[in-house]
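Q: Please show me the structure. I would like to learn how to read its features one at a time.

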Amino acid sequence: MTILIIGYMHPKYDKRVFRTVKVLSKESKIIYQYWTDKEEIEYTENNINYIPIKYTKNIQANPLIKLKNRRKLDKKILEMIKNYNYDILYMHHFLASRPIEPFKIAKKRNKKIIYDIHEYHPENFLNNLAGSKKQLKEKILWRLFEEQLKLSDKLIFVSEEIQKDIYQKLKINKKYYIQKNYAEMAVESIEKNKEISFVGKINRNLDDEKEILKKLIQKGFTFRIIGMESEYFKDIPHKHTNFLPYERMMEELSKSAFSLISFNTVKNRSYKNDIFSLPNKYYDSIATETPVIVKNTFISMAKEVEKYNIGVVINPKNINESVSKILEAYNNYDKLIENIKKYKNEFIWNKEKEEKFINFVLL
């Protein structure tokens with residue numbers, strides 16, 4: 001069996017995308033398209049045919065201009081879907097300028113279609129639009145999204161909340177699987193510093209969280225950014241690391257008392273791509289035995305944190321209450337670590353989860 005995996009604008013080693021490539025290559029031949037901004041050549045290794053598609057991202061461009069520029073890229077991928085020999089089309093995103101065509105082409109060729117939905121697409125796509133443009137965009141996207149789902153044979157979601165919300169809105173009944181962003185490895189925490197870490201790129205608003213951090217620093221905590229330095233935090237005392245390989249990042253994270261997972265991606269506080277998200281850093285934190293500090297509007301994460309008692313759920317708008325909650329959790333830290341050790345395996349990718357995923361895709 002051959003599977004054509006469309007990574008679209010995801011880079012070669014994107015955690016979620018590349019996991020599907022590696023796992024499914026154990027049972028099937030894989031044709032893997034991924035994004036790059038460098039000159040790379042196609043090659044085959046370990047049952048995987050790697051196909052790079054070069055595209056230079058213009059981050060500063062108007063969203064509609066970026067969409068227009070995607071047409072050449074999307075045309076190349078459409079040609080692959082039209083002409084390559086495969087049994088399953090596995091979509092990790094939709095083509096921005098051709099959102100329906102891949103599904104229609106594969107369906108016409110009697111190919112099985114798996115749609116891996118990383119984000120809440122109608123809200124996430126072109127999320128910088130506002131006002132009437134935003135409303136029109138979402139109205140159009142919901143129609144396109146519904147058609148994509150109906151043309152697909154099976155659907156994969158990142159959280160149960162996204163799946164339930166979409167199914168309720170569209171009144172659809174389709175086979176689905178919840179594939180969370182599990183950590184790749186477990187780390188046993190050897191040391192714990194009185195430190196709060198923030199993992200990843202600083203491209204999100206943390207204004208309220210910064211005030212909380214300043215008060216916690218006064219209480220003896222330190223703050224560290226794992227992955228990069230940013231001018232955004234120049235007004236708050238902190239340490240930082242440069243980008244680290246995954247294993248090193250996990251090792252460093254394991255030394256922190258808490259991992260901060262609270263931010264605003266867009267101005268809209270009910271943005272479902274945030275509130276229903278279960279990001280990699282959440283799973284990585286628990287896998288390193290590091291309790292999490294999670295914003296209360298992050299429904300999916302907050303529900304698990306409270307269910308397993310593996311961290312602190314805060315309202316960043318209430319700064320003093322948030323600080324008190326974190327200090328109280330630190331005073332009862334042994335209980336948090338005990339619970340994390342108890343439930344840790346549920347947050348880590350393993351053989352059992354791998355087999356269930358393979359069976360869903362192939363059977």
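Q: How many positive and negative side chains does the protein chain have, and how far apart do the centres of the two sets lie?

A: This is a predicted model, in which local features need pLDDT of at least 70, side-chain atom pairs count only at pLDDT 80 or more, and totals for chains, interfaces and linings use all residues. Residues are numbered from 1 along each chain as its sequence is written, and side-chain values use heavy atoms, with hydrogens and water left out. For charge, Lys and Arg count as positive and Asp and Glu as negative, while His and the chain ends are not counted. The place of a charge is NZ of Lys, CZ of Arg, CG of Asp or CD of Glu. The protein chain has 67 positive and 48 negative side chains, and the two centres lie 6 Å apart.

Q: How many helices and strands are there in the protein chain?

A: Helices (H or I, at least four residues) and strands (E, at least two) are DSSP runs, numbered from the N terminus. The protein chain has 14 helices and 14 strands. Its radius of gyration is 21 Å, close to the 21 Å that the globule rule gives for 363 residues, so the chain is as compact as a globular protein of that length. That radius is taken over C-alpha atoms, and the rule is 2.2 Å times the number of residues to the power 0.38. Along the principal axes, the C-alpha atoms fill a box of roughly 65 × 45 × 45 Å.

Q: What percentage of the residues is buried?

A: Buried means under 20% relative accessible area, exposed over 50%, and partly exposed in between (1.4 Å probe, protein chains only). Of the 363 residues in the protein chain, 56% are buried. The chain exposes about 17600 Å², of which carbon and sulfur atoms supply 48%. These areas come from the Shrake-Rupley method with a 1.4 Å probe; for residues, only the protein chains shown count as cover.

Q: Which share of the contacts joins residues 24 or more positions apart?

A: Contact means heavy atoms within 4.5 Å. Among contacts with a separation of 6 or more, residues 24 or more positions apart account for 66%.

Q: How many salt bridges are counted?

A: Side chains of opposite charge can pair when their charged atoms come close. The rule here asks for a side-chain nitrogen of Lys or Arg within 4 Å of a carboxyl oxygen of Asp or Glu. By this rule the count is 25 salt bridges. One of them joins Glu354 and Lys26, with the closest N and O atoms 3.0 Å apart. Glu354 lies in helix H14 (residues 351–362) and Lys26 in the loop between helix H1 (15–24) and strand E2 (29–36), so the pair ties together parts that are 328 residues apart in sequence. Glu354 is buried at 7% relative accessible area, whereas Lys26 is exposed at 52%.

Q: Are Lys180 and Glu304 buried or exposed?

A: Lys180 and Glu304 are both buried. Their side chains meet in a salt bridge (3.1 Å, N to O). Lys180 lies in the loop between strand E8 (176–178) and strand E9 (193–199) and Glu304 in helix H11 (residues 299–308), so this pair ties together parts that are 124 residues apart in sequence.

Q: Where do Glu338 and Lys335 lie?

A: Glu338 and Lys335 are three residues apart in helix H13 (residues 333–343), separated by about one helical turn. Their side chains meet in a salt bridge (3.8 Å, N to O). Glu338 is partly exposed at 48% relative accessible area, and Lys335 is partly exposed at 42%.

Q: Which residues are linked in a network of salt bridges?

A: Glu195, Arg224, Glu252 and Lys255 are linked in such a network.

Q: What does Tyr120 touch, not counting residues up to four places away in sequence?

A: Tyr120 touches Trp142, Ile162, Asp165, Ile166, Lys272, Asn273 and Phe276, with that exclusion applied. Tyr120 is in the loop between strand E6 (112–117) and helix H4 (121–124). At 0% relative accessibility, Tyr120 counts as buried.

Q: What is the phi of Asn47?

A: Asn47 has a positive phi of about 70° although it is not a glycine. Asn47 lies in the loop between strand E3 (43–45) and strand E4 (48–54), and is partly exposed at 38% relative accessibility.
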